[in-house]
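Biologist: I am new to this one. Could you show it to me and take my questions in turn?

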Protein chains: 4
Amino acid sequence: MSAKAKIGILGASGYTGAELLRLLIRHPRVDIALLTADRRAGKPMSDVFPQFSPYALPTLVALDGVDWPACGLDLVFCALPHGTTQTVIRALLAKAPAIKVVDLSADFRLADPAAYARWYGHPHAAVELQKKAVYGLTEVYRAQIKTAQLVANPGCYTSCAELALIPLLKANAIDPDEIVIDAKSGMTGAGRAAKEEMLFSEVSEGFHAYGVGHHRHMAELDQEFSLAAGRQVVVSFTPHLVPMNRGILSTIYVRGVKASAQDLHALLLKSYANEPFVHVLPFGALPQTRHVRGSNMTFIGVAADRIPNRAIIGSALDNLTKGASGQAVQNMNLMLGFPETMGLEQVALFP
Amino acid sequence: MSAKAKIGILGASGYTGAELLRLLIRHPRVDIALLTADRRAGKPMSDVFPQFSPYALPTLVALDGVDWPACGLDLVFCALPHGTTQTVIRALLAKAPAIKVVDLSADFRLADPAAYARWYGHPHAAVELQKKAVYGLTEVYRAQIKTAQLVANPGCYTSCAELALIPLLKANAIDPDEIVIDAKSGMTGAGRAAKEEMLFSEVSEGFHAYGVGHHRHMAELDQEFSLAAGRQVVVSFTPHLVPMNRGILSTIYVRGVKASAQDLHALLLKSYANEPFVHVLPFGALPQTRHVRGSNMTFIGVAADRIPNRAIIGSALDNLTKGASGQAVQNMNLMLGFPETMGLEQVALFP
Amino acid sequence: MSAKAKIGILGASGYTGAELLRLLIRHPRVDIALLTADRRAGKPMSDVFPQFSPYALPTLVALDGVDWPACGLDLVFCALPHGTTQTVIRALLAKAPAIKVVDLSADFRLADPAAYARWYGHPHAAVELQKKAVYGLTEVYRAQIKTAQLVANPGCYTSCAELALIPLLKANAIDPDEIVIDAKSGMTGAGRAAKEEMLFSEVSEGFHAYGVGHHRHMAELDQEFSLAAGRQVVVSFTPHLVPMNRGILSTIYVRGVKASAQDLHALLLKSYANEPFVHVLPFGALPQTRHVRGSNMTFIGVAADRIPNRAIIGSALDNLTKGASGQAVQNMNLMLGFPETMGLEQVALFP
Amino acid sequence: MSAKAKIGILGASGYTGAELLRLLIRHPRVDIALLTADRRAGKPMSDVFPQFSPYALPTLVALDGVDWPACGLDLVFCALPHGTTQTVIRALLAKAPAIKVVDLSADFRLADPAAYARWYGHPHAAVELQKKAVYGLTEVYRAQIKTAQLVANPGCYTSCAELALIPLLKANAIDPDEIVIDAKSGMTGAGRAAKEEMLFSEVSEGFHAYGVGHHRHMAELDQEFSLAAGRQVVVSFTPHLVPMNRGILSTIYVRGVKASAQDLHALLLKSYANEPFVHVLPFGALPQTRHVRGSNMTFIGVAADRIPNRAIIGSALDNLTKGASGQAVQNMNLMLGFPETMGLEQVALFP
């Protein structure tokens, strides 16, 4: 590989595409060689996101027209809608067998074809790839990601909750049957599609739950929590939308198993002592979304509930950065042999 | 009593004071005769809240200078800070023994002097009044409120959660030991005091929990839930601040006792069938804060969790209206023999 | 006419439709007999705007299916899109010749067919009605509105600027060639259509001008300012979108003609001394949108610029209330012989 | 000078202090050696701004206790309140005569002692320094800044308007007597002091003008515009507060002198062709604050007004970055001989 890797972004006109660009424009080892956006093909990126006007970037092209061998890309980020992605990636890998892929959709997150079919209502169209895909929660699957060709970047809600709970479940420190995750997300998590319920006038000065009892991120949580606990885990999970742009805060209610809230805090502190992008706050302090905005950081806090043996855990990240595009770049760094933090050092934007 | 009751507002320069005025200016049976605000004494209300410029209102006066017998008030709303209120009301009733009081502070909400001392860190200064005060959750204590001289208007978080849970606890339909209340409030709930953490630049684009494990509204919840269940109840309760002005949404995780989620929904529907200010949504629908903004309505919804036997209940109200000043006016109507809904018919302001 | 007038709302699923309902549900002389919304026909209003769940309202029907004579309506509010409205109203009046109409679209605001064709790019389809329509700026055309069959409710930007400037132009107190109107509107002014640029994530933390040099409200301003000045007036007008829901603030730069800023203030004060819905602030104070939110009030202020002979005028109203549906109800009251302020007494919602 | 310059921030607990840190933590040639904050002395920076928790930073100290010679700083940023700054810097330079200073207050922006006294109400306390201070609008005073010891960083409003207008005034392309600047700023421009009018509940859903006719940034505008035009210039300038955190948009009304709007656009395009931090949009496009958020960019656009010979210019920057701390770092880079864009390459954060 040359000094700079050639990368592409499929689906560059959405929010995760823009966030990838924001991070990659400054990445010293990356050459942005391809940007696709079917509905905007032929237009400059500055038409779609004017903040990129000052930068020289490839013109947007349609996915179907890409000549993959001629592109000579080292890696693509796939920021396409759920469902179609599996077909796109299968076709892409047929034409460019050496290319590496970080997929930001949900298509390759579930390892079990039956679980996929159950949650998504149709059989998976690329089962052989599904088997090879590595789940891209970097802190947990770092070794596998380094050698993976296809990484399934986790969902934003799931990264947030999994970083807080996986170390506790692995240590059998909490009761897997008594986990309640009350999650709150900024609006960018809902994407850029024009829908009435996402209009400013609908959302501003409002707050509400959605997907109650049946949100698809549950499938990912089930998979990863069960792996961590070594038994089947099913959690209560309720997502909400907050009138803000970026950030997820998960308030998580757990019960210690021979472990006090302080013990849980100590366990997390130890687990993440050397992680550049997970920061555990002092005991009793819970995180705030504003303090991770625009950064690749996850802030985790633990406090004791007033009910004995129960703890309240807060986990906060920026849904577009560590919850999506930032973690995708983190995974790219591992896959291409770059320092893991390269291009991700930006400090949170607050205020 | 004459056709119009003479009322006063003690502490008119805060948000609950302004909300009382918004409602009472249009109330057909009320004459606003006294407005106090110590730091703004001598100023017109339009200096403090310019939206009242077009209305003729009494000039703000200092509390100490009020000649109570001369005022001849029928009822006062007390919107003063916690702690000092008990002394103020004791003194006031000494001078004007026939006056009725709706207190919006926390001072008279707890019936038990020991509980008060434990939660507030000092003995109650008006224990004899504490005994006579009626807890002002109108839908539950309507009969007592009608004949009360002193009504302790409930807290905003507590009204929201209690309206959702008291009928279920009274019916023994949920397990009292397994209640988790994850509450989210708009910023007006934090009042008008100038504090750094409440500045726009701190709050906007932010979301966070606070008072984790030790919020004072827990004392009220304990009291009312224990009364409803007929045994001691202690709940998990975590409040959060949302970057919006008005509204509380409580997401409540409960477990049925020989009762499905549908049973819980049916029970709430029946309980509130004739209540003008509590509306139960169709099964599966959860409420949104925007749909109650500026109204005296509480919207309650019930959905099944995917974990058997568990349900997720949403309860939404406007913290300044049904959560404070609206319920105060509702209580005043009962105390003065007016129709309960008088002056409270405004439809929610959305968008 | 019976004690209650039967009214209909054509296009009830948009923001101005919802605002009309908010006001009319409480109007003591109105019976809401018809609600149309083509795409939502057959659904209850609570599906479209859940805040109306507690109220009994007619089911939404398609416009084409209405049996006008059977309906027996006294008046309809027409909240349909620009362009189609003229055809709809022409057809409606053919079938129900006695019905009165308050039209909230732009279709009948311009009296001159040539001006209409120039600004809207096509000839007017109901020129004969265009001639009979009365421009519904209530404070200026009160006498004509009382006897009108068809009232063209003004645009939100135009009401805001015209109330501030028409008295000054009529008095020849300002130079008509030197008016700059820098207007800022909340997002509800852009309606409820699902468009990318109106998503929360696009708008929040953003601020920008639009329609620079060619906004259609200019045509209205030209017409009314020219009438007031008795000569042709063309103004600089630049609208902006503010990340908030409701409210317009126009900052207007004018130059006195033998009139100081104080003189302009005195003139406005005198002009609106008896108007229930226009309030002139003390000299030097400029209005804020929050103080008129949800009310039918316009607040106007005048300050001196530091450049001699120039003044800065601020005018604020709620674009959905006085800027649209509130003024529509005000006009209905005049057309049906009700007190002008009936149903419009709500105090502004702040905070 | 060693490879890394040692720098200090005086007044690190405010918003401009935090923004300096955000930028400097990643600056490859800077060692952050001193952070002062009198009221927070002894505390870690993470207490004041938790987003800095993951970074090793000096503990906050009181200004009075600093041993300047021992510190051996190369440069300090002074982010202290207006008025006291002049005394602080005079004392500091007496103790550390070689230190360089970028002052973010208003104290050294006005070159004329008489103008200072007139606008600020008291004589300047360091007139000799006032004479030596260089006005820090980088694009205009680059050469002087390179050799300056004391740079007076411009105000946020003034940078925004001056970058748009100075090239036009220098070229005599617009009439200096006919400039109207209608400016809108996010709330961080008002600082972090706890004031009632800056509370979230006051600001959200609100919009208003302030300082009408007498804002202190006028003095800077007068000074720089007069220098550019070669004659006295006095402009109309009205600032407004927008319910958002970051960003200033100035909408500027100008009249060409033998220059069309297109000519003005071409002139700006040429002036800024090689500037890294000023980007001129295509003719007719006006800038939006969201597209510069968190970046050091200024976006400028020009459109024709419908009135002949008039143009509307939009200028947008992030008040904390190019409007304050970003430009301060840009100036530091020049003063210390670093590449001008070092540490300032971050792309705007949108959404």
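**Reading the calls**

Modeller: Start with the sulfurs: the count of disulfides over all chains is zero. Keep in mind that this is a predicted model.

Biologist: Why is Cys156(A) called buried?

Modeller: Buried means under 20% relative accessible area. Cys156(A) has 13%, so the word applies. Cys160(B) has 0%, so Cys160(B) is buried too.

Biologist: What makes β2 and β5 of chain C edge strands?

Modeller: First, the sheet. Six strands of chain C form an open sheet, in the order β2-β1-β3-β4-β6-β5, with parallel pairing. The edge strands are β2 (30-36) and β5 (134-135), as each pairs on one side only.

Biologist: How do you know that β5(C) pairs with β6 of chain C?

Modeller: Two strands pair if there are at least two bridges between them. Two bridges join β5(C) to β6 (residues 150-152), so the pairing counts. The two strands run parallel. Within this pairing, Tyr135(C) stands opposite Ala152(C) in β6(C). In general, strands of a sheet pair through backbone hydrogen bonds.

Biologist: Which aromatic pair does Tyr135(C) form, and what makes it edge-to-face?

Modeller: The whole structure has 28 aromatic pairs over all chains. In one of them, Tyr135(C) partners Tyr141(C). Ring centres must lie within 6.5 Å, and planes over 60 degrees apart count as edge-to-face.

Modeller: Tyr157(C) and Phe237(C) give another edge-to-face pair, with 5.5 Å between centres and 75° between planes.

Biologist: Why say that the pair links distant parts of the chain?

Modeller: Tyr157(C) is in helix α8 (residues 156-170) and Phe237(C) in strand β9 (residues 236-241), 80 residues apart. Tyr157(C) is buried at 3% relative accessible area, and Phe237(C) is buried at 0%.

Biologist: What makes Arg192(C) a charge over a ring?

Modeller: The distance limit is 6 Å from the ring centre. Arg192(C) is at 3.9 Å from the ring centre of Phe49(C) and lies over its face. Arg192(D) lies over the face of Phe49(D), also at 3.9 Å.

Biologist: How do you know that chains A and D are related as by a two-fold rotation axis?

Modeller: Chain A superposes on chain D by a rotation of 180°, with 0.0 Å of shift along the axis and an RMSD of 0.0 Å. The copies are therefore related as by a two-fold axis. The same surface serves both: 100% of the contact residues of chain A recur in chain D.

Biologist: Why is Glu202(C) called buried, and what does it touch?

Modeller: Glu202(C) is in helix α9 (residues 200-203) of chain C. Its relative accessible area is 5%, so it falls under the 20% limit. Beyond residues up to four places away in sequence, Glu202(C) touches Tyr15(A), Arg192(A), Glu196(C), Glu197(C), Arg290(D) and Phe350(D). Among these, Tyr15(A) and Phe350(D) belong to one aromatic cluster with Phe49(A) and Phe52(A).

Key: Residues are numbered from 1 along each chain as its sequence is written. Chains are lettered from A and ligands numbered from 1 in the order in which they are written. This is a predicted model: local features need pLDDT of at least 70, side-chain atom pairs count only at pLDDT 80 or more; totals for chains, interfaces and linings use all residues. Side-chain values use heavy atoms; hydrogens and water are left out. A disulfide is a pair of cysteine sulfur atoms within 2.5 Å. Buried means under 20% relative accessible area, exposed over 50%, partly exposed in between (1.4 Å probe, protein chains only). Helices (H or I, at least four residues) and strands (E, at least two) are DSSP runs, numbered from the N terminus. Rings of Phe, Tyr and Trp (its six-membered ring) pair if their centres lie within 6.5 Å; planes under 30 degrees apart count as stacked, over 60 as edge-to-face and the rest as tilted. A charge sits over a ring if NZ of Lys or CZ of Arg is within 6 Å of the ring centre and within 35 degrees of the ring normal. Copies are superposed by least squares on the C-alpha atoms of residues with pLDDT of at least 70 in both. Contact means heavy atoms within 4.5 Å.
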